[in-house]
Amino acid sequence: MTVQAVRQIGLSAPWIDERDEELVLEVLRSGRLSLGPVGPRFEELLAEAVGAPYCAAVSSGTAGLHLALRLAGVGEGDEVITSPYSFVASANVAIYEGATPVFADIDPRTLNLDPDAVAAAVTPRTRAIVAVDIFGYPCELDALRALCDEHGLALVEDACEALGARYKGRPLGSHGHPAVFAFYPNKQITTGEGGAVTTASADEHELLVSLRNQGRLETSSWLQHGRLGFNYRLDDLSAALGIGQLEKLGRILAGRREVADRYRELLAGVDVELPLADDADHERSWFVYVVKLPEGVDRDAVVHRLAGDGIACAPYLPSIHLQSYMRERYGFAEGLCPVSEATSARTMAIPFHARLPREDQERVAAALRSALQ
Ligand SMILES: Cc1ncc(COP(=O)(O)O)c(C=O)c1O
């Protein structure tokens, strides 16, 4: 008798179909692999999808955040306030510019920056706030915007996990300040690697386009550079994939919502805290499905147990200030952001993507229930 192997259930999966293949092949066959017509078309469609006047595609979300801090004029000696409960890039980009990342604690309900903690962290050296929409849940944009206005700070939105989310009825990306999106394969849409910055300012857009293209000016020829820039361009193969993805954005977002709703049903009665539901001001775009384990549960043992059942899970997210390089560089330690630290100790991502079959979700729910009993 043969023993049948357990089918593995991965943490995430992109939605790639024949249309994506066709669009990428078209570019490949055209011979124009960068700076062709496909990049601007992708930018147009993305701007339209989020209701932004301008959109600049870039090579990653990190590149987009870096350029957004350049727009904000962040430099040596400045401080940039951000969330500790995020991906490291939200803070790293401040360091790239010679600034110091300052972590304000999060709200235990939304897992996004707590505006009161941000207010308390403002000093005369603060230059910008990088507001993160963690797990696709919109952060408190109005309160953070008011703080920025009061203290003359720049607001940069790290919407890398939140394409399609809405704050007070309007899509993220359409609120005026620069917002950054990311398209790594676990995101709502993917371009392989890639990202984009939206803004309502023509001047900011012009600067972004120059900075991502080695500081070339609109008027300059290929080897003339008007400022110090970067190669943060998105190539046309990636942009073509992005077009295919945007064409089905509605289906992708609806699929992810359906899978999230089904988890809510299947995990009822399992001893975990589920992600916060939407309210009138906050409409999440589902990125990952993160549950909070009860206090005292050995999370590593749960992850190990589910891995044994062929189910990928991950401790998610560690607090940025407690990463080894952050501790070494700035002397950050436990106790700096207690809410973030307590959340990091208990949260775990379970398999999640737009086309996750119900039977896989049932397996995940059953395994989690049994691991916690
Ligand atoms: C909140 C957040 N910020 C920034 C990034 C960086 O994006 P990228 O990996 O495309 O550089 C990510 C990506 O994982 C993210 O989740």
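Visitor: How far is the polar side-chain atom of Lys187 from an oxygen atom of the ligand?
Guide: The separation is 2.7 Å, where a polar contact is a pair of N or O atoms within 3.5 Å. This is a predicted model, in which local features need pLDDT of at least 70, side-chain atom pairs count only at pLDDT 80 or more, and totals for chains, interfaces and linings use all residues. Residues are numbered from 1 along each chain as its sequence is written, and side-chain values use heavy atoms, with hydrogens and water left out.

Visitor: And which distances apply to Gly61 and Thr62?
Guide: For Gly61, a backbone N or O atom is 2.8 Å from an oxygen atom of the ligand. For Thr62, a side-chain N or O atom is 2.5 Å from a ligand oxygen.

Visitor: How many residues surround the ligand?
Guide: There are 15 (a heavy atom within 4 Å). By class, six are nonpolar, six polar and three charged.

Visitor: Which helix gives the most to that shell?
Guide: H3 does, with three residues. Helices are DSSP runs (H or I, at least four residues).

Visitor: Changing topic, how many cavities of 30 Å³ or more are found?
Guide: The search of the whole structure finds one. On a 1 Å grid over the protein atoms alone, a cavity is a set of points where a 1.4 Å probe fits but cannot get out.

Visitor: What is the volume of the largest cavity, and which residues line it?
Guide: Its volume is about 60 Å³, the space filled by probe spheres set on the points. The lining (an atom within 4 Å of a point) includes Trp15, Lys187, Gln245 and Arg256.

Key:
Polar contact = N/O pair within 3.5 Å; in protein donor to acceptor, adjacent residues only side chain to side chain. Helix = DSSP H or I, 4+ residues; strand = E, 2+ residues; numbered from the N terminus. Nonpolar A, V, L, I, M, F, W, Y, C, P; charged D, E, K, R; others polar. 1 Å grid on protein atoms, 1.4 Å probe; cavity = no way out; pocket = protein on both sides within 12 Å on 5 of 7 lines; lining within 4 Å.
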